Amino acid sequence: MNKLSRIFRRRAEMGPAASPLDTFCLETLGKGFQMDPVRSRISFCLILAYLFVCSPVSVHADDDPWLPVNPAELAQKAPIVEKDADAEYVLWEVKVDDKDSEDLALKYNVRIKIFTDRGREQFSKIDLVASPRSKIKDVKARVIKPDGSIVEINQADIFERLIVKVGKAKIKAKSFAVPGIEPGVMVEYRYKEVFSNTSAVMDLPFQKEIPVQTLTYAIRPNAHAFPMQFQRHNMANDVRFVDEKDKFRRITVNNVPAFHEEPQMPPENEVRPYMAINYSVNNMFSGEFYWALLSRSYAEGTKDYVKVNDEVKRTAAEVTSGVSTDEERIARIYDFCQTRIRNLTYDTSMTAEEKEKIKDNKNPGDTLKRQVGWSRDVNFLLIALARAAGIDATMAITGNRSENFFNRSIRDANMVHFASAAARIGNEWRFFDPGSRFVPYGMLVWWEEDQDALLIDSKMSIWARTPLSPPERSVQKRTGKFKLSDDGTLEGEVRLEYTGHFSYEHKRDNYEDSLNQQEETLKDEIKEQFSTAEVTEIHLENVNEPKKDFAYAFKIKIPGYAQRTGKRLFVQPGFFEHSTGAQFTASERKYDVYFEYPWADEDDVIIELPPGFAPDNAEKPAPILPASTQGVSGLDIKISLSPDKRTLTYHRSFFFGGKGNILFPKANYAPLKQLFEMIRKADDHAIAFKQP
């Protein structure tokens, strides 16, 4: 997960999230952050309802005194919640007043007790991160020593800094260094996070990165809005808000253990306890009625964007000329949309300001006439051209399983987005996303695969399942030709080719960067695996080519690759898996095991051995047969020596995720861990060469 994704996920812990209806309203009233004019047309009646919901919210002057310090907190010398904790939140309190003004303010009161030097290092600097739609205000901070004396942090030492900028999205933080922090002190700070022109729609996390002694949320709902709904996720039903006399609804939980990440765990929203709150009448509708209503709203709001006019008919006839099957027609249409329309979403030749000046396309005819459009325009065009060619096609709405697994029994439009186009080919629905420029034909981005999708229809809700691409669609093809010196130095040429999801991710991560940045990205990846590597003559291929696979080529030199012991050299021929470490190390597992998508590796390595060395052994690891893993995985390694014993040839063929297996219950952790230990042992296999 890239840095921006991590920051947005961190903000999602508390910041109000923009629902589809929220976005529709903002776009109807005027251009806002990431404006999408399509959504502004979705169901005028729903917009009116939402405008009624979003009554203004109050922001009060922050003149509250600090909360009193308990002598027991000062005297505390060891953690209460988890015995090995480096620090604990003594309290984490958030107050949300959604009463009667224009802005929504979240007031935070946080107090942290430091126990160890690691805790001191962790909190020596505090970053209060804002979302693109909020601002951090009224920050006050202090340090409370064990004797009760207090060191106030000067306002001049609290500054704003840019965390990251991607496109128009700027993630900023109010930051400050903590003076005199050491084991035994408490760090206390409070601040407001202010959201303009919005209302209380947010996720409340009930687990933090360190243990919490007392965690409290207090919310005063808008009395003029729809009822406030609370949807619990990964938490017990007996955790409830309590109405109190001051009109606030409060919830407090005590002794909350820290949230600990595990390798290959499901998305945080699937395992971390949180409560989603919003104003809604969703509970008044049955599940199918709710989704049918949303489907009709999308159909009404997008009808002009998929309208078939004479220009669309003429283009469809030209593009599909000479082919006779729907499969061939949709392939031609996909290629046309992905390669012939200039996709502004991925266009690096223009600035964001220049793109803003381009007039929006109001229908597929505009897209064809201008030969330019955003990602959504490209997908709308595919739908229109498919319909003109006689193919049943529509929008597909689904979730994002990098964030959570979409469950249609939960009536929440925030869980879905316009993901792709759907076309009926034969008796099945197929999914296409030419608007995501680097997605290969017949695939979706990985987080939109293997999920229920709502197919937009004006009369009913139609559901279909997006397919999961098999391992052979996402392959790492890795080749290396090397020369080994008698001191263990390995030097040679490497080529890395990626297909499917691998290719998409590398292109997505590189296409906006300069050539120098692209090369540095590769060097950083290699340095993580080989800290002493020298990488030169880097060549990247097909970074911006939608139809060709992404590839790297470079030269590399690694001192000490082979281990020299006396007259023996121990060589690991599996170069591409060298030093990658064990997949799973813990003996027990708390969460299920989850892989993003199936994949395969095809590795070919040739190593020219140093003169005067003969093989002391030339064994190869035993294969892992797919039959032994019920088709989930397989590994086959072949090792051979040339007749003169001077050249070692190594081939590795591996796959994982066969038969759609990417999510494993924690009850199956032990055999899964054992499987990866077998894979690791085979990949770490070394051959000894002896100097006579």
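**Some ground rules before the close-ups.** The expected span of a helix is 1.5 Å times one less than its number of residues, and helices here are DSSP runs of H or I with at least four residues, while strands are runs of E with at least two, both numbered from the N terminus. You're looking at a predicted model, where local features need pLDDT of at least 70 and side-chain atom pairs count only at pLDDT 80 or more, though totals for chains, interfaces and linings use all residues. Residues are numbered from 1 along each chain as its sequence is written, and side-chain values use heavy atoms, leaving out hydrogens and water.

**View 1. Helix α9 and what covers it.** Take the 15 residues of α9 (residues 326-340): at 1.5 Å a residue they should span 21 Å, and the end C-alpha atoms sit 20 Å apart, which agrees. Its buried residues (buried means under 20% relative accessible area, exposed over 50%, partly exposed in between, with a 1.4 Å probe and protein chains only) are R329, I330, I333, Y334, F336, C337 and Q338. The cover over them includes the helices α8 (310-319), α11 (364-370) and α12, plus the strands β18 (417-425) and β19 (428-432).

**View 2. The whole chain, for orientation.** Count up the elements and you get 15 helices and 34 strands. Of the 692 residues, 52% are buried.

**View 3. How confident is the predictor, and where is pLDDT under 50?** On the pLDDT scale, which gives the predictor's confidence in each residue from 0 to 100, the chain has a mean of 87, and 88% of its residues reach 70 or more. Residues 1-62 are the stretch to treat separately: pLDDT stays under 50 there, and the model has 156 contacts beyond four places in sequence for them.

**View 4. Strand β22 and its two partners.** Two strands pair if DSSP finds at least two bridges between them. Strand β22 (residues 475-484) runs parallel to β29 (residues 599-608), and nine bridges join them; K481, for one, has I606 in β29 as its bridge partner. Nine bridges also tie β22 to β23 (residues 490-498), but this pair is antiparallel, with Q476 standing opposite Y498. Five residues lie between the strands of the β22 and β23 hairpin, where G488 takes a positive phi near 95°.

**View 5. An open sheet of four strands.** Follow the order β26-β27-β34-β30 and you'll find antiparallel pairing. At the edges are β26 (563-565) and β30 (614-615), each pairing on one side only. Two bridges hold β30 to β34 (residues 687-690), and one of the bridge partners to look for is F689 in β34, which goes with P615.

**View 6. Inside the largest nonpolar core.** A nonpolar core is a set of buried Ala, Val, Leu, Ile, Met, Phe, Trp, Tyr and Cys residues joined through side-chain atoms within 4.5 Å. The largest one has 108 residues, and the members touching the most others are F554, I556, F575, F595, I607, F656 and L672. Helix α12 (residues 375-388) gives the most to this core, with eight residues. Another core lies apart from it, with 49 residues that include V96, Y108, I114 and F123. Zoom in on F575 and, leaving aside residues up to four places away in sequence, its contacts are F482, L490, V494, Q529, F530, I556, I558, Y561 and V605.

**View 7. Helix α15 and its residue D683.** The 15 residues of α15 (residues 669-683) should span 21 Å at 1.5 Å a residue, and the end C-alpha atoms are 21 Å apart, which agrees. Buried here are Y669, L672, K673, L675, F676, I679, R680, A682 and D683. Their cover includes β28 (593-594), β31 (633-641), β32 (647-656) and β33 (663-664). D683 counts as buried because its relative accessibility is 2%. Not counting residues up to four places away in sequence, D683 touches Q572, G574, E577, L635, I637, Y650 and R652.

**View 8. E261, out on a loop.** Look between β13 (249-256) and α6 (268-271) for the loop that holds E261. With a relative accessible area of 56%, E261 is exposed. Its C-alpha atom is 9.3 Å from that of E209, which is 52 residues away along the chain.

Note on methods
Contact means heavy atoms within 4.5 Å.
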